[in-house]
Amino acid sequence: MTQYGFYYDATRCTGCHTCEAACRDYHGLSLKMAFRRVYEVEGGLWSQASDGTWITDSYAYYTSISCQHCDNPACTQVCPTGAMHKGENGIVSVEEKRCIGCGYCALACPYKAPRVDREVGHSVKCDGCASRMAAGELPICVEACSMRCIEFGSIDELPRGTRAAVAPLPDPSVTQPNLYINECAAAQPFGSLDCRIANAAEVD
Amino acid sequence: MGNGFEHTALAVFTTLAPLGAATFVVLAAAFWKGDLTEDMARRLDKATALPVALVLVGFVAAFFHLAAPQNAVGVFAGVGCSPLSNEVLAGIVFVAIMLIYWVSALAGKLEARSGVRHGLLAVISVLAVVFAVFCGFAYLTPTIPTWNNPLSVIQLVGYSLLGGAVCGALACAIARIDLFGVLGVITCCMGSAGLVVGAVSFGGFIAACGGVHNSWGCALDAVPNIWLSFAAFVAAGLVGTGVLFAARKRSNMTVALTVALVLVIVGVFIARIGFYGLYAGLAL
């Protein structure tokens, strides 16, 4: 089975949110809904040296994520109807007519990828822009990224980084996400409590 | 992150349905005791509308929690795999047997001392506890470290025993059946055990959440007043069990038991909202 996934180059990302905006625009999502989110992580301190000068080790970096189409997805395991399923190409998507909109997938996913859209009456999430894939095109977020940070394709053919092991993401061994990251110098390891999400209002 | 009120429908479900279900333990004890006349049995069967209504209101609340309730029948596809499917199956089996019992009793098909009635009540009592346990199992998800705690299950069992005891006592009072003697002892023991189990498990759950941190901070930060929720539950439970003990020695306690039941329902609901507010994912 071919497994599709994402590659994200954090050394190039400027946090412009164009990927997120393009996704929202292409899928006709409201401002309350997003299939792709850009997390801004920051940390470090300013401290005064003995000679009175100030030094800092402060840092900030971005992590753009959507659904990671995990090898071991938590969302499909808890779905009571089987609506949330993993397809032949490894893409995790929602069979809309079977979904009851219970929100169990949204609660269980450690990446918060699925959300329940009560207006449409089912869970919604990134499906790798299935209609574009069928037409031989790349997902809209990949095409929109002006810095060419995001790549999409067969996981065997993507550039190899680290398997999504940076804060604020969870331990990748839990769901085995198909997201590989070229980490930037400031990247903190998953589980780090020394950093914080600086743009909570945007991503929560 | 939320404060728990985004799951109000689920809080109503997990408050009312297991509570109404556990009420049948008291009803079973009333019949097993063996001294009910046919007239008393008929009155108690009519009063059984109270726990039946609580269970059904709980299920209606759960139904409205769904974004696409018209697809709800598909939930059985996940039986054996999804904890939610298992919970719904346990609930549906309980409701089916409960309704068969109640309709048969109202239709006069079940004599007060018949083995069929006693057997059905035994099955319903066991299924009530199984249902409460399966309600709790639905929250045991490894990617939700706060909820993934056996205390999530034990809380629901405690709440159902406490609420079921008070509701059962009220049903008996409505049917003009006194709680003197063995029935009163059973009801008081069940209520007290429910209060202790509920309080210890909810308190332990809150304490355990203090050790869970993710990218948003400590899980307890989402509900800074969670210990007030705990205090509200304990206070409501103390009033409820206090009225139960009083009902062992006095007749005509319908009003007091009604107030006690309302207080216990509110107390458990507050605890459930607190539980949902303490949701915390592995990282985000």
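**Reading a predicted two-chain model**

Modeller: Of the 284 residues in chain B, 55% count as buried. A residue is buried if 20 or more other C-beta atoms lie within 10 Å of its own, exposed if 12 or fewer, and partly exposed in between, with C-beta atoms placed from the backbone. This is a predicted model, in which local features need pLDDT of at least 70, side-chain atom pairs count only at pLDDT 80 or more, and totals for chains, interfaces and linings use all residues. Residues are numbered from 1 along each chain as its sequence is written, while chains are lettered from A and ligands numbered from 1 in the order in which they are written.

Colleague: Which radius of gyration would a compact globule with 284 residues have, and what is the value for chain B?

Modeller: The radius of gyration is taken over C-alpha atoms, and the globule rule is 2.2 Å times the number of residues to the power 0.38. For 284 residues the rule gives a value near 19 Å, and chain B agrees because its own radius is 19 Å. The C-alpha trace of chain B spans about 60 × 40 × 25 Å along its principal axes.

Colleague: How many helices and strands has chain B?

Modeller: Helices (H or I, at least four residues) and strands (E, at least two) are DSSP runs, numbered from the N terminus. Chain B has nine helices and two strands, in the sequence pattern α-α-α-α-α-α-α-β-β-α-α.

Colleague: How many residues does each chain bring to the contact?

Modeller: Two residues are in contact if their C-beta atoms, placed from the backbone, lie within 7 Å. Chain A contributes 30 residues and chain B 26 residues. On the side of chain A that touches chain B, α3(A) gives the largest share, three residues. That side divides into 21 nonpolar, five polar and four charged residues. Here Ala, Val, Leu, Ile, Met, Phe, Trp, Tyr, Cys and Pro count as nonpolar, Asp, Glu, Lys and Arg as charged, and the others, Gly among them, as polar.

Colleague: Is A:Glu20 buried or exposed?

Modeller: A:Glu20 is buried, because it has 21 C-beta neighbours inside 10 Å. This residue belongs to helix α1 (residues 18-26) of chain A.

Colleague: Where does B:Asn252 lie, and what is its phi?

Modeller: Most residues other than glycine have a negative phi, and most peptide bonds are trans. B:Asn252, not a glycine, has a positive phi of about 55°. B:Asn252 lies in the loop between α8 (226-247) and α9 (254-277) of chain B. A cis peptide bond joins A:Ala167 and A:Pro168, with omega about 15°.
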